Amino acid sequence: MRPAARGRSARILRMTRSSRDLTPVWLADRFRAFAALGLHYHPDEADRGRFERLRRHSAELAALVDLRDTATIEAAYGRDTGVRTPMAAIAVHATTADGAELWRTRHVGDERLPDLLALAGRLLQAPAPHRPATLTDSRALALPGPHTYVAVYEAASALDARDAAAAWPEPDTDLQAAFGARPSLHAESPQMRPVVSAAAGRICERIAALAAEGAVASQDSFQVERFGQVRLLATDIAVEAVEYEPLPSYALNVDVAATGAGVVFFDDRGRVLLMERSDTGHWGMPEGACDVGEAWIDTAVREVREEIGVRVEPEALTLLDVFDNRTLTAETLSIPIAAVFTARLDAAPGELAINHEVRRTAWVSAQELHHLDLWPGHRAKLGAAFESL
């Protein structure tokens, strides 16, 4: 069941601050996501109170670094609705007619991804970017705001630098500032155990205590699992003598699309591995929502492990494309933006350790694909995967 190694595109990394300086806001962002998730799935009164306390503690963590006070941050967190995942954005790296380079960024919200890319082409007088050259995120760029995934595209503008800059002025955002500093392309650093100050450690202790309480007292098995994840995050820290530099303000609430990731596995006969969902009976690839704090490719790795029991290294995955489900299906899906990767896998369906979400798995040829009832949007994604062979 070991996947064959394939190429992995480089990720952009530019550390502009000490990661220890940013740890409280990064942790706060993750706890905020857990609170939003717990509150979204119809908790009872007791669990609702616990998740509201978690949101308050998240704001306390952020306030250790943020210039805004706890109440202001908590009020911003309180406007969260639905499932909270890393936000979606694009970055366009344009080479102008006179040989200059410029970066332009844009969050993906109500506008669909293909429409944004077409707009980029029109503004720069360039062919519309098609597939991303690479992926990165705000953690790799050392940005303190809500976790944001960025699909990076290349474009060749027919304009000179001055006209290109006038046609597409720089947006005044932290994301634009990071790319405007011309980040370098190289592999991302491995994640280390979070190091926090004593004050942050005490807040994490309170979070761990409420999570332990919820794990015992909650009547909802899914919330119990959620509380367990919160407790693990709150206790997996190291406390040291750390002093934080105040951060300038950054956007706490941005109306953008939710994100997910999936993997299309091929065997040596060019067939794809599909799974039949237990809840709807639809067939599709392993795919799911991203978690705040994990890289886009790491979501794909996690979903594969959880759903079909395959352990795959990120280096074995090749980026296929970033898709906007709103252009692929008329069905309303909770996760509009999905990065899809491909890999080789040698395994019989019976060797896979499927979980409760999966009824069965099968290797399927391109011809057989036409006869299956596929999960919305997956037909186009699988078609693109077959075309990539």
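Which residue forms a salt bridge with Asp321, and how far apart are the closest N and O atoms? In this predicted model, the partner of Asp321 is Arg131, and the closest N and O atoms of the pair lie 3.7 Å apart. The setting of this pair is described below.

The protein is divided into three parts: domain 1 comprises 19–84 + 192–239, domain 2 spans 87–178, and domain 3 covers 259–387. The centres of domain 2 and domain 3, taken over C-alpha atoms, are separated by 27 Å. To the contact between them, domain 2 and domain 3 each contribute 20 residues.

About 1500 Å² is buried between domain 2 and domain 3, with 64% of this area given by carbon and sulfur atoms. On the side of domain 2, Arg131, Leu135 and Tyr149 account for 40% of the area buried against domain 3, a share exceeding that of any other three residues.

Polar interactions across the interface of domain 2 and domain 3 include 1 salt bridge, and 6 residue pairs are in polar contact, both residues being at pLDDT 80 or more. On the side of domain 2 that touches domain 3, two or more residues are given by each of strand E2 (87–95), helix H4 (113–124), strand E4 (134–137) and strand E5 (148–156). Of these, E5 provides the largest share, with 4 residues. By residue class, this side of domain 2 consists of 11 nonpolar, 3 polar and 6 charged residues.

Notes
Residues numbered from 1 in each chain as written. Predicted model: local features only at pLDDT ≥ 70, side-chain atom pairs only at ≥ 80, totals over all residues. Heavy atoms only, no water. Domains from an automatic or database assignment. Contact = heavy atoms within 4.5 Å. Buried area = accessible area lost by both parts, 1.4 Å probe. Salt bridge = Lys/Arg side-chain N within 4 Å of Asp/Glu carboxyl O. Polar contact = N/O pair within 3.5 Å; in protein donor to acceptor, adjacent residues only side chain to side chain. Nonpolar A, V, L, I, M, F, W, Y, C, P; charged D, E, K, R; others polar.
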